Amino acid sequence: MYQQGSPIYCHDGTTLSSIGYAAVYRMDTGTANLQQCADSIIRLYSEYFLAQQMYDRIAFHTTSGFLLDYPSWRDGKRALVLGDFVTWLPLKRYDDSYATFLSYEMTVMRYAGTLSLTDESEPVALENATIGDFFCKGGSPGHVVLIVDEAVNAEGKRCFLLGQGFMPAQSFHILQNTQTDPWYYADEITFPFRADAFSFEEHMLRRWGTGFESE
């Protein structure tokens with residue numbers, strides 16, 4: 001995390017005020033206007049699985065339904081995209097460098113979004129929600145807010161920290177529930193649920209990874 005009060009950094013080098021948000025992630029956005037809301041979550045998932053060496057889990061569908069998986073990209077395949085038609089072409093040598101991983105991420109961000117995240121996830125009940133689940137309104141534009149942390153008190157009451165990316169591509173940041181408290185309390189969440197500037201219906205609370213098996 002950046003120091004509290006640090007600005008939100010945009011892809012073009014400009015900054016935005018972080019007033020009204022609890023924290024800003026120290027994660028680059030690249031230089032293209034790609035790493036927006038759904039893309040930030042894709043990046044966070046991918047970075048986690050990369051660190052865990054769970055490479056097969058780094059796999060995301062395009063909006064048209066084609067599976068872009070990191071192992072294929074690492075092995076040298078590249079995606080040929082012609083409208084809704086996508087296929088792999090063997091164009092490179094094996095390369096497991098971080099730069100190659102980032103080039104994969106930028107390609108996924110170009111062709112995936114809130115609609116594809118909705119398609120490869122399923123609804124989860126609020127009482128079962130946990131870190132990594134998200135509120136997702138699929139569309140153009142749509143929006144995604146990720147559950148990034150969870151806490152439980154002695155009475156079993158739960159609360160969540162929520163984070164988001166935004167447009168233009170900018171630093172992932174933690175939402176502020178009230179002026180003094182960033183935590184969203186499960187027993188206070190009702191639907192439609194409003195987080196920052198977006199409202200989500202109950203079926204929009206979702207869990208990713210239910211339909212991304214390698215094809």
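**Reading a predicted chain: burial, a helix and its charges**

Guide: Of the 215 residues of the chain, 49% count as buried. The model is a predicted one.

Visitor: What radius of gyration would a compact globule with 215 residues have, and what does the chain have?

Guide: A compact globule with 215 residues would come out near 17 Å, and the chain has 18 Å, which agrees. The C-alpha trace spans about 55 × 35 × 30 Å along its principal axes.

Visitor: Which secondary structure does the chain have?

Guide: There are four helices and 16 strands. As for contacts with a separation of 6 or more, 54% of them come from residues 24 or more positions apart.

Visitor: Take helix H1. How many residues does H1 have, and how far does H1 reach?

Guide: H1 covers residues 37-51, which is 15 residues, and reaches 22 Å from its first C-alpha to its last. That is close to the 21 Å expected at 1.5 Å a residue. Just after H1, Gln53 takes a positive phi of about 60°.

Visitor: Is H1 mostly covered or mostly exposed?

Guide: Mostly covered, with 12 of its 15 residues buried. Among them are Cys37, Ile41, Arg43, Leu44 and Phe49.

Visitor: Arg43 carries a charge. How should I read its pairs?

Guide: Start with the general idea. Side chains of opposite charge can pair when their charged atoms come close. In the whole structure, a search finds six salt bridges. One of the pairs is Arg43 with Asp28, whose closest N and O atoms are 2.8 Å apart. Arg43 lies in helix H1 and Asp28 in the loop between strand E3 (21-24) and H1, so the pair ties together parts that are 15 residues apart in sequence.

Visitor: Which salt bridge do Arg43 and Glu47 make, and how are the two placed in the helix?

Guide: The general idea is about helical turns. An α-helix has 3.6 residues a turn, so residues three or four places apart point the same way. Here, Arg43 and Glu47 are four residues apart in helix H1, which separates them by about one helical turn. Their side chains meet in a salt bridge of 2.8 Å, N to O.

Visitor: Which salt bridge links distant parts of the chain?

Guide: Asp187 forms a salt bridge with Lys157, and the closest N and O atoms are 4.0 Å apart. Asp187 sits in the loop between strand E13 (184-185) and strand E14 (193-195), and Lys157 in the loop between strand E10 (143-152) and strand E11 (158-164), 30 residues apart. Asp187 is exposed at 54% relative accessible area, whereas Lys157 is partly exposed at 45%. Elsewhere, salt bridges that share partners join Asp28, Arg43 and Glu47 into one network.

Visitor: Which charged residue is buried yet has no salt bridge?

Guide: Glu105 is such a residue. Glu105 belongs to helix H3 (residues 98-111). The nearest side chain of opposite charge, Arg43, is 4.9 Å away. Leaving aside neighbours within four places in sequence, Glu105 is in contact with Ile42, Arg43, Ser46 and Ile58.

Visitor: And the cysteines: how many disulfides does the count give?

Guide: The count comes to zero disulfides. For Cys37, the nearest cysteine sulfur is that of Cys136, 7.6 Å away. Cys37 is buried, with a relative accessible area of 9%. Cys159 is also buried, at 10%.

Note on methods. Residues are numbered from 1 along each chain as its sequence is written. This is a predicted model: local features need pLDDT of at least 70, side-chain atom pairs count only at pLDDT 80 or more; totals for chains, interfaces and linings use all residues. Side-chain values use heavy atoms; hydrogens and water are left out. The expected span of a helix is 1.5 Å times one less than its number of residues. Buried means under 20% relative accessible area, exposed over 50%, partly exposed in between (1.4 Å probe, protein chains only). A disulfide is a pair of cysteine sulfur atoms within 2.5 Å. Lys and Arg count as positive and Asp and Glu as negative; His and the chain ends are not counted. Contact means heavy atoms within 4.5 Å. The radius of gyration is taken over C-alpha atoms; the globule rule is 2.2 Å times the number of residues to the power 0.38.
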